[in-house]
Amino acid sequence: MGDITLAGYGIDWGKSLNNCIGDRNFHKKILDMFLEDQCFSKAKDAYMSDDRKELFARMHELKGISGNVALDDLYGATVPLVELLRVDNDKCDKAEIDRLFNACEEAYDRAREGVKLYIENNY
């Protein structure tokens, strides 16, 4: 299975593997770590409790993870939320946080689905 089949998941598979120096075993290990990671779960808990400082920290972490593994849509969804929360998270508009978090959640779910399919068909 290749990029064309999995293009709808917002992941650049060639770049993702290249970021792992072309090492397929390392690539699979990194993808498995993404699936097991609790960063988004912790971000969601912070979002639900309106803990904006923790939400910023977890979304910033997720931004880094998604960028390193070329989960491009997820990365693109996290950037605006991180930047909004970076400025002064106590004064951020709740409706804007809601909108951006929901976009992150959709991109996260799609990325997880794509990663699972990629692993099933390539490893």
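Asp 50 lies in the loop between helix 4 and helix 5; helices here are DSSP runs of H or I with at least four residues, numbered from the N terminus. The model is predicted: local features need pLDDT of at least 70, and side-chain atom pairs count only at pLDDT 80 or more, while totals for chains, interfaces and linings use all residues. Residues are numbered from 1 along each chain as its sequence is written, and side-chain values use heavy atoms, with hydrogens and water left out.

Asp 50 is not a glycine, yet its phi is positive, about 60 degrees. Most residues other than glycine have a negative phi. At 41% relative accessibility, Asp 50 counts as partly exposed. That class sits between buried, under 20% relative accessible area, and exposed, over 50% (1.4 Å probe, protein chains only).

Now step back into helix 4, residues 39-48. Its buried residues are Cys 39, Phe 40, Ala 43, Ala 46 and Tyr 47. They cover an arc of only 115 degrees around the axis, so they sit on the same side of helix 4. The arc is taken from the directions that run from the helix axis to the C-beta atoms. The face turned away from this buried side carries exposed Asp 45 and Met 48.

What do the buried residues of helix 4 pack against? They pack against helix 5 (52-68) and helix 7 (94-122). Contact means heavy atoms within 4.5 Å.

Take the helix 5 partner. The axes of helix 4 and helix 5 come within 8 Å and cross at roughly 155 degrees. Axes are lines fitted to C-alpha atoms, for helices over the stretch in contact, with angles from 0 to 180 degrees between N-to-C directions. The two helices are therefore roughly antiparallel, a label for angles over 145 degrees. On the helix 4 side, the contact is made by Cys 39, Phe 40, Lys 42, Ala 43, Ala 46 and Tyr 47. Helix 5 brings Glu 54, Leu 55, Arg 58, Met 59, Glu 61, Leu 62 and Ile 65. These contact residues divide into nine nonpolar, no polar and four charged. Ala, Val, Leu, Ile, Met, Phe, Trp, Tyr, Cys and Pro count as nonpolar, Asp, Glu, Lys and Arg as charged, and the others, Gly among them, as polar.

Another positive phi occurs at Ile 21, also about 60 degrees and also not at a glycine. Ile 21 is in the loop between helix 2 and helix 3 (24-36). Ile 21 is exposed, with a relative accessible area of 77%.

Helix 2 (residues 13-19) holds Trp 13. Trp 13 is buried, at 2% relative accessible area. Its C-alpha atom is separated by 7.2 Å from that of Ala 70, 57 residues apart along the chain.

Definitions and conventions. Angles under 35 degrees count as roughly parallel, over 145 as roughly antiparallel, 65 to 115 as roughly perpendicular and the rest as oblique.
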